[in-house]
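User: Please go through the labels used for this model and show what each of them rests on. I want the value, the cut-off and the conclusion.

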Amino acid sequence: MAKDQQPQWADILKSRLANTKKDDRSDEEKKAEETKLFTKYYTEWKEGGDKDKSYKNIPRFYYRLPAEDEVLLQKLREESRAVFLQRKSRELLDNEELQNLWFLLDKHQVPPVSGEEAMISYEAYLQVGEKAGPKCKKFFTARVYSKLLLSDPYGRISIMQFFNYVMRKVWLHQTRIGLSLYDVAGQGHLRESDLENYILELIPTLPQLDGLEKSFYSFYVCTAVRKFFFFLDPLRTGKIKIQDILQSGLCSFFTFPLESQESNWFSAPSALRVYGQYLNLDKDHNGMLSKEELSRYGTATLTSVFLDRVFQECLTYDGEMDYKTYLDFVLALENRKEPAALQYIFKLLDMDNQGYLNVFSLNYFFRAIQEQMKLHGQEQVTFQDVKDEIFDMVKPKDPYKITLQDLVNSCQGDTVTSILIDLNGFWTYENREVLVASDSDGSNTADLDDS
């Protein structure tokens with residue numbers, strides 16, 4: 001104890017001794033004096049005397065969000081965010097400034113040309129940075145130059161690669177600002193309705209979606225949004241971070257080239273294909289899918305046991321599936337190599353929610369494959385053989401249990417799930433050697449024909 005604190009505690013002790021002698025004082029008076037002394041010395045201790053006052057200079061770092069009934073504070077917060085985003089938007093390069101940058105880069109190219117690409121040296125690069133204006137200053141650093149420096153013998157970088165780098169950075173910042181405008185809560189994440197509004201207003205600006213009928217807009221938006229939430233919201237919280245959207249690269253798929261539209265989920269042909277399949281499955285035209293209707297999905301070879309689990313675990317309405325739930329189903333089956341898709345299917349296979357698949361689980365699902373094979377007159381395959389092959393493929397940490405992480409780590413999750421839920425997938429796996437040989441024969445024949 002410090003010397004300067006001894007008199008204080010001595011006062012407390014004397015006061016306590018004095019109080020014990022004064023028996024005529026009431027309990028209330030004693031309690032009041034005790035509280036007074038405690039408050040006095042606690043306050044002095046808390047303030048720290050003259051020694052430590054640095055904590056008083058710590059700035060406030062937490063501000064409570066305004067409540068729903070605090071309308072004025074909410075409006076003030078929204079307006080301040082809008083002003084902030086507008087300022088950030090003005091800091092970005094516009095089309096005219098980008099054209100000027102390209103003109104300066106082309107003017108300062110340094111020969112010789114590498115292949116067909118114009119090159120620029122570090123000295124010329126710095127000169128362009130000085131002339132390009134303050135908005136471009138952040139792009140003309142040694143760090144950026146070194147990132148783009150490859151194997152040029154003269155230590156130069158490609159002008160086109162640098163310009164594409166700048167364009168991509170500008171596009172990412174524009175996208176972030178655009179997404180942030182729809183962040184109603186201002187917490188850096190988007191709810192499903194927020195993202196739907198963003199994509200709905202984005203449609204008219206995309207040349208690739210020019211031919212899309214306005215009556216189909218709502219279905220297109222639903223189809224696009226489901227992919228974002230399926231892959232970026234695995235815990236089904238109902239919101240995704242703007243940062244996760246940008247890092248995922250999903251937004252870049254809206255700039256798909258025309259030749260890849262069939263394989264791009266966000267293209268008009270792909271959205272029409274998925275919705276057309278849904279309508280074709282809906283035989284009673286009630287806008288929902290029953291288990292029997294869904295059984296005709298794809299090659300109509302999904303097992304009834306697996307479909308039972310789909311309708312047990314997924315959101316349904318009076319035992320029927322709506323379009324949003326169907327989209328999750330399609331995304332899972334069309335992307336079986338992806339961890340999010342494997343998580344979806346694993347949850348269906350893990351009947352007891354144990355967090356792993358054991359021999360009983362595998363046998364339960366494979367029995368349905370055996371029944372289908374029997375109906376089609378195919379030669380039966382024993383479960384023991386299939387079980388051993390599955391464990392050999394996955395190589396789980398526990399030799400008796402297969403976890404989701406084991407499936408992901410093995411890079412064989414798509415094959416394993418196909419074997420267990422889809423007769424066509426199992427048949428493809430069983431006849432893989434024959435199919436490979438057929439492909440090889442076909443390619444050899446093609447080579448001979450060409451020659």
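## Labels and their grounds

User: What makes glutamate 192 count as partly exposed?

Analyst: Glutamate 192 has a relative accessibility of 21%. Buried requires under 20% and exposed over 50%, so glutamate 192 falls in the class between them and counts as partly exposed. The model is predicted, and the value is computed from it.

User: How do you know that glutamate 192 and lysine 324 form a salt bridge?

Analyst: The N to O distance between their side chains is 3.0 Å, and the rule asks for a Lys or Arg side-chain nitrogen within 4 Å of an Asp or Glu carboxyl oxygen. The pair therefore qualifies under that rule. Glutamate 192 is in helix α8 and lysine 324 in helix α14 (residues 323-334), so the bridge ties together parts 132 residues apart in sequence. Lysine 324 has a relative accessible area of 32%, which makes this residue partly exposed too.

User: Which residues make up the network of salt bridges around this pair?

Analyst: Glu192, Glu196, Arg226, Lys324 and Asp328 are linked in that network. The total by the same rule is 14 salt bridges.

User: What about lysine 387 and aspartate 388: what makes them a salt bridge, and is each buried or partly exposed?

Analyst: Their closest N and O atoms are 3.6 Å apart, which is within the 4 Å limit. Lysine 387, at 15% relative accessibility, counts as buried, because the buried class is everything under 20%. Aspartate 388 has 34% and is partly exposed. Another bridge joins arginine 64 to glutamate 70 at 3.2 Å, and glutamate 70 is partly exposed at 24%.

User: How do you know that aspartate 183 has no salt bridge, and which side chain of opposite charge is nearest?

Analyst: Aspartate 183 is buried and no bridge is assigned to it; the nearest side chain of opposite charge is arginine 81, 4.0 Å away. Aspartate 183 sits in the loop between α7 (159-180) and β3 (189-191). A polar atom of its side chain lies 2.7 Å from the backbone nitrogen of glycine 188. Beyond four places in sequence, the residues in contact with aspartate 183 are Arg81, Gly188, His189, Leu190 and Ile242.

User: Why is lysine 214 called exposed?

Analyst: Lysine 214 has a relative accessible area of 68%, and exposed means over 50%, so the label holds. Lysine 214 is in the loop between α8 (192-202) and α9. Its C-alpha is 9.9 Å from that of isoleucine 203, eleven residues away in sequence.

User: Is valine 110 exposed or partly exposed, and what does valine 110 touch?

Analyst: Valine 110 is partly exposed, because its 24% relative accessibility falls between the 20% and 50% limits. Not counting residues up to four places away, valine 110 touches Met119, Ile120, Ser121, Ala124 and Arg156. Valine 110 belongs to the loop between α4 (95-107) and β1 (119-120).

User: What makes helix α15 mostly covered?

Analyst: Eight of the eleven residues in α15 (residues 339-349) are buried. They are Ala340, Ala341, Leu342, Tyr344, Ile345, Phe346, Leu348 and Leu349. The cover includes α9, α13 (304-313), α14, α16 (359-375), α18 (404-410) and α19 (413-421).

User: Which residues touch the most other members of the largest nonpolar core?

Analyst: In that core of 85 residues they are Leu195, Tyr220, Phe228, Leu294, Tyr326, Phe329 and Ile390. Helix α9 (residues 217-232) gives the largest share, ten residues. A separate second core has 23 residues, including Leu105, Ala132, Phe139 and Tyr145. As for isoleucine 390, its contacts beyond four places in sequence are Leu362, Ile402, Val416, Ile419 and Leu420.

User: Where does the EF-hand annotation lie, and what is the chain like there?

Analyst: The unreviewed UniProt entry places "domain: EF-hand" at residues 337-372. In the model that stretch is 69% helix and 0% strand, with its end C-alpha atoms 25 Å apart.

Terms used:
Residues are numbered from 1 along each chain as its sequence is written. This is a predicted model: local features need pLDDT of at least 70, side-chain atom pairs count only at pLDDT 80 or more; totals for chains, interfaces and linings use all residues. Side-chain values use heavy atoms; hydrogens and water are left out. A nonpolar core is a set of buried Ala, Val, Leu, Ile, Met, Phe, Trp, Tyr and Cys residues joined through side-chain atoms within 4.5 Å. Buried means under 20% relative accessible area, exposed over 50%, partly exposed in between (1.4 Å probe, protein chains only). Helices (H or I, at least four residues) and strands (E, at least two) are DSSP runs, numbered from the N terminus. Contact means heavy atoms within 4.5 Å. Lys and Arg count as positive and Asp and Glu as negative; His and the chain ends are not counted. A polar contact is a pair of N or O atoms within 3.5 Å; within protein, one must be able to donate a hydrogen and the other to accept it, and residues adjacent in sequence count only if both atoms are side-chain atoms. UniProt positions are given in the numbering used here, feature names are shortened, and annotations may be inferred rather than shown by experiment.
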